[in-house]
Amino acid sequence: MIEQLPETNATPLDLSELFGRTAPLQVDLGCGDGSFVRRLAAELPQKDFLAVERLLHRVRAASRKTAALKNVQVLRSETAFVVRHLLPPNSVEAFYLLFPDPWPKRRHHRRRLVTENFLASICTALAENGSLVIATDHAEYFARIRDLAANSKELIPFEGRPGHEFPMSTFEKRFRDAGIPIQRLELRKTSPVM
């Protein structure tokens with residue numbers, strides 16, 4: 001069941017004004033300290049990157065790390081709000097959702113970011129053939145995300161190799177150093193068959 005969210009008068013971002021140019025947009029949802037988006041934006045200067053983070057200390061860290069890059073903007077906001085209300089339809093080439101809070105206790109599962117409604121909002125914001133890349137260290141949450149994605153009519157798992165290797169985020173480095181397995185999923189937006 002898709003939950004109903006209250007409407008808002010938020011105006012979608014004017015991306016060409018925000019970045020001072022028109023370029024493919026990639027969005028790091030929950031950018032943490034900015035390490036991942038800094039490396040990716042430096043490797044892909046022809047693309048623009050929006051780094052979204054809710055926590056002020058992380059926003060400050062990400063802003064410091066990306067200050068020298070003209071193709072990165074850091075936005076302090078709730079991830080679901082940005083995806084649903086601030087990103088224009090068909091405007092995002094790729095989303096990165098790396099190590100979202102799994103809210104492991106059953107009574108907290110309702111706080112999890114990835115829901116049917118969230119995936120529907122992702123589909124609206126994604127451009128045709130755009131992708132959502134998810135990584136987590138939490139096997140149960142990963143299984144739930146995979147099940148939700150399987151029910152989507154517009155997102156399909158992508159089994160191919162990415163065009164480049166993704167840089168490692170701070171969380172991924174920490175989990176790998178501890179020997180914790182990382183689960184990954186890339187979903188691509190397709191046109192629904194009528």
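These legends accompany close-up views of a predicted model.

View 1. Val-27 is the residue to start from. Leaving aside neighbours within four places in sequence, Val-27 is in contact with Leu-50 and Val-52, with Leu-87, and with Val-92, Ala-94, Phe-95 and Tyr-96.

**View 2. The salt bridge between Glu-53 and Arg-58.** The count of salt bridges in the model comes to 10. Here Glu-53 pairs with Arg-58, and the closest N and O atoms are 4.0 Å apart. Is Glu-53 buried or exposed? Glu-53 is buried, because its relative accessible area is 5%, under the 20% cut-off. Arg-58 has a relative accessibility of 27%, so Arg-58 counts as partly exposed.

**View 3. The salt bridge between Glu-78 and Arg-54.** The closest N and O atoms of this pair are 3.7 Å apart. The pair links distant parts of the chain, 24 residues apart. Glu-78 sits in the loop between strand 3 (72-76) and helix 4 (79-86). Arg-54 sits in the loop between strand 2 (48-53) and helix 3 (56-66). Glu-78 counts as partly exposed, at 46% relative accessibility. Arg-54 also counts as partly exposed, at 44%.

**View 4. The salt bridge between Glu-140 and Arg-112.** The closest N and O atoms are 2.6 Å apart. Where do the two residues lie? Glu-140 is in helix 6 (residues 139-150), and Arg-112 is in the loop between strand 4 (92-98) and helix 5 (116-125), so the pair ties together parts that are 28 residues apart in sequence. Glu-140 counts as partly exposed, at 39% relative accessibility. Arg-112 counts as buried, because its relative accessibility is 6%.

**View 5. A network of salt bridges.** Three residues are linked here: Glu-172, Arg-176 and Arg-184. Side chains of opposite charge can pair when their charged atoms come close.

Technical notes:
Residues are numbered from 1 along each chain as its sequence is written. This is a predicted model: local features need pLDDT of at least 70, side-chain atom pairs count only at pLDDT 80 or more; totals for chains, interfaces and linings use all residues. Side-chain values use heavy atoms; hydrogens and water are left out. Contact means heavy atoms within 4.5 Å. A salt bridge is a side-chain nitrogen of Lys or Arg within 4 Å of a carboxyl oxygen of Asp or Glu. Buried means under 20% relative accessible area, exposed over 50%, partly exposed in between (1.4 Å probe, protein chains only). Helices (H or I, at least four residues) and strands (E, at least two) are DSSP runs, numbered from the N terminus.
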